[in-house]
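Please read them with the coordinates open.

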Amino acid sequence: MVIDFPPHPSISQFVAGFLAVDGQFEREVNMVFSARGIPMLVFPYAQPSTTNYRFGISEAGYIKPQMDEPALLTAASQYAQANFSGAIHFVMVMLKTTGAYHFMRSSVQGLANCSLTLDSLGLNPYFTELQDRLWSVSTPDQAVALIQQHLYRYFDQKTKIGPGDFTPVLNFMLRHPAGLTVQALGKKFRCSDRWIEKQCVIQTGLSPKSWIRLIRFRAAANFWLKHPNTSWMALVARFGYTDQSHLIRDFREFTGNPPTFHFAQYGEMELDFKQHQAGLSSLLED
């Protein structure tokens with residue numbers, strides 16, 4: 001069972017929402033998630049879960065046999081695969097697109113498509129008490145309430161870093177998934193192409209060109225999830241792909257599969273995990 005919780009207004013600048021996964025798998029289940037670029041924090045509760053999570057075909061990700069400590073999964077431009085079995089109890093904190101940058105209070109350059117335990121980030125002093133308390137709770141709402149309280153205290157201590165927040169530029173990109181260029185963004189925000197390229201990598205881990213491709217894919221995939229009878233040629237025209245083969249190539253890269261196969265196999269699962277709400281649906285009109 002996947003339950004979504006909205007963030008408290010006090011942390012909504014950094015957190016898009018919470019997804020609590022709570023249930024029992026009688027046998028091992030394999031899942032594939034298409035790329036969304038959304039960084040997230042993962043907190044287990046009640047008991048360690050038997051699972052792993054990796055990006056693409058690589059070994060980068062939360063690949064430990066048990067999820068027994070909190071981790072940060074940085075922005076991903078690769079699809080992810082996960083195996084679940086037995087009792088599963090964890091909360092995914094879906095951060096805003098620059099949320100990992102603000103959470104770490106430092107550059108996330110070079111950290112795209114990987115998982116880092118909070119211990120490895122030197123953040124255990126902030127989160128050890130929270131994790132100890134999470135082992136003693138038994139319900140998703142209790143776990144989310146504890147995490148929200150702790151994140152509020154953590155972000156409340158945060159000092160502003162860097163030469164400027166890249167969020168306004170990214171929000172504009174999210175609203176305009178077709179026809180984006182770095183040059184056009186520079187003119188829109190009266191800044192140099194170099195600043196956009198540098199700050200995008202520092203604050204998201206991905207280059208602006210990677211984001212432009214990913215945003216268009218996300219917009220097309222989200223639209224299809226909401227309108228599953230749409231033809232692929234209609235998506236090509238709506239989102240500015242050169243032709244159908246161009247769309248299929250992007251879908252293969254970002255989902256690991258051709259679009260028809262991916263959504264036939266994993267469409268319902270992506271809806272369950274609110275993938276169609278991952279940063280775009282509130283910004284785009286049908």
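1. Ser85 is buried, at a relative accessible area of 17%, where buried stands for under 20% relative accessible area with a 1.4 Å probe and protein chains only. This is a predicted model, in which local features need pLDDT of at least 70 and side-chain atom pairs count only at pLDDT 80 or more, whereas totals for chains, interfaces and linings use all residues. Residues are numbered from 1 along each chain as its sequence is written, and side-chain values use heavy atoms, with hydrogens and water left out.

2. Ser85 lies in strand 8 (residues 80-95), strands being DSSP runs of E with at least two residues and helices runs of H or I with at least four, both numbered from the N terminus. Beyond residues up to four places away in sequence, Ser85 touches Phe25, Arg27, Glu28 and Thr50, contact being heavy atoms within 4.5 Å.

3. Strand 3 (residues 40-44) has five of its five residues buried, so this strand is largely enclosed by the rest of the structure. Met40, Val42 and Pro44 point one way, while Leu41 and Phe43 point the other way.

4. Strand 3 runs antiparallel to strand 8, to which five bridges join it, with Phe43 opposite Val91; pairing requires at least two DSSP bridges. Strand 3 is also antiparallel to strand 7 (residues 71-73), through three bridges, and Val42 stands opposite Ala71 there.

5. The largest nonpolar core has 34 residues, with Met173 and Trp211 having the most contacts inside it; such a core joins buried Ala, Val, Leu, Ile, Met, Phe, Trp, Tyr and Cys residues through side-chain atoms within 4.5 Å. Helix 7 gives the most to this core, eleven residues.

Technical notes: Buried means under 20% relative accessible area, exposed over 50%, partly exposed in between (1.4 Å probe, protein chains only).
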